[in-house]
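User: Could you take me through this model? I would like to begin with the overall layout and then turn to details.

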Amino acid sequence: MTELGQRLRQERESKGLSLEDLQKLTKIQKRYLLGIEEGNYEVMPGKFYVRAFIKQYCEAIGLDTDAIFEEYKSDIPSTQTEDIPQQLSRVRSRKEIPQHTKGVSKAYDYLPTVLVVAGVIVVGIIIWVIAQNIVSDKNKEQANQEAPNSEVQQSNTQEEANETTAKNDNSTSEDDQSAADKKEQAKEKAEKEKAAKEKAEKEKAEKEKKDSGKQEYKEVQKTGRSATYALSGTDAFNLEVTSTQADTWLDVKNGKGNAFFSSILKKGETKEFDLTKETEARVNIGYSPGVELKVNGKAVDLPFDSSKQVRQVVTIQYQPAEAQ
């Protein structure tokens, strides 16, 4: 690959163009474009087309043609007519060379032969030149059929390139706008969710504060490891159970024996239960040390000393305030 070919390929790839794209822009066959990049000018119809195709290649990718031709003139063949191989040589025989031993008149005896030989050589040269011209004309005709006239197609090629650039710019602008819209929508959604969460937490805190001022949680009876409490003066019955020291067995059921939770409560884990629609809840704690109970967000004591009574059963009877 020549330095010129490497430079052209880099410029093409930097603009995101493939050889197929460049073929559509320039109307030059892909194999000729590849030959330019690889410095393989043997595939071209002739030296004239090498320069013409390089010029059109540069214009398609936005390079200054004059600057490129000047900078890489050593890589670009000239358009001068190829030299005719010099196949002729003067035919001289020993008999033509004057010899002092022979008279000058003897040289004139060979003059007709020399003239005949020279005439044959000249005729051969003429025939060879004519044959080369015929071959060159055929190559030019073939090239004209395969590649359009670059000067005639130049304006159309430039218009197509401008249209492609405009489409790419519009596509990029639309993508940027779409991304900005999605980002703005996501931001608005997050703000709405945050506001809704803050509102719910505020309403819950106000309700708990309002209920805590009048709710009553009092002991009804204790027997063995079981105790019963009455919850009143509130319109909500929310229970929280947290294990702070170790894993414990936890079983929470309503008055009808339906279980809300019956499994291991791991250390540091909290379970919340909305029992507002229930009239009674039975809480069976397998390992009471470190277990905390909250009713409507307010901490309540376990009925027994956990160091003496590890397993405890707490029954809470609930009567809504509006039913009182």
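Analyst: The answers below concern a predicted model.

User: What is the secondary structure of the protein chain?

Analyst: The protein chain has seven helices and ten strands.

User: And what share of the residues is buried?

Analyst: Of the 324 residues in the protein chain, 27% are buried. The chain exposes about 22,000 Å², and carbon and sulfur atoms supply 48% of that area.

User: Which residues in the largest nonpolar core touch the most other members?

Analyst: That core has 25 residues, and those touching the most other members are Leu4, Leu8, Ile36, Phe53, Ile54, Tyr57 and Ile61. Two or more residues come from each of α1 (3-14), α2, α3 (30-38), α4 (47-60) and α5 (65-71). Helix α4 gives the most, with seven residues.

User: What does Ile36 touch?

Analyst: Setting aside residues up to four places away in sequence, Ile36 touches Gly5, Leu8, Tyr41, Met44, Phe53, Ile54 and Tyr57. There is also a second, separate core of 24 residues, which includes Val241, Phe261, Ala281 and Val314.

User: Back to α2. Which of its residues are buried?

Analyst: In helix α2 (residues 19-26), the buried residues are Leu19, Leu22, Leu25 and Thr26. They cover an arc of only 115° around the axis, so they lie on the same side of α2. In general, an α-helix has 3.6 residues a turn, so residues three or four places apart point the same way.

User: Changing topic: which residues make the nonpolar surface patch of about 350 Å²?

Analyst: Val122, Ile126, Ile130 and Ile134 make that patch. Ile130 lies in helix α6, which spans residues 111-146.

User: Is Ile130 buried, exposed or partly exposed?

Analyst: Ile130 counts as partly exposed because its relative accessibility is 46%, and that category lies between the limits of 20% and 50%.

User: One more residue: where is Asp75 found?

Analyst: Asp75 is in the loop between α5 and α6. Its relative accessibility is 19%, so Asp75 counts as buried, the cut-off being under 20%.

User: Which residues is Asp75 in contact with?

Analyst: Apart from neighbours within four places in sequence, Asp75 is in contact with Thr2, Glu3, Leu4 and Tyr41. Asp75 and Leu4 are 71 residues apart in sequence, while their C-alpha atoms are 6.7 Å apart in space.

How values were computed:
Residues are numbered from 1 along each chain as its sequence is written. This is a predicted model: local features need pLDDT of at least 70, side-chain atom pairs count only at pLDDT 80 or more; totals for chains, interfaces and linings use all residues. Side-chain values use heavy atoms; hydrogens and water are left out. Helices (H or I, at least four residues) and strands (E, at least two) are DSSP runs, numbered from the N terminus. Buried means under 20% relative accessible area, exposed over 50%, partly exposed in between (1.4 Å probe, protein chains only). Accessible areas come from the Shrake-Rupley method with a 1.4 Å probe; for residues, only the protein chains shown count as cover. The arc is that of the directions from the helix axis to the C-beta atoms. A nonpolar core is a set of buried Ala, Val, Leu, Ile, Met, Phe, Trp, Tyr and Cys residues joined through side-chain atoms within 4.5 Å. Contact means heavy atoms within 4.5 Å. Patches are made of residues with over 30% relative accessible area and no salt bridge: like charges are joined within 9 Å, nonpolar side chains (Val, Leu, Ile, Met, Phe, Trp, Tyr) within 5 Å. A salt bridge is a side-chain nitrogen of Lys or Arg within 4 Å of a carboxyl oxygen of Asp or Glu.
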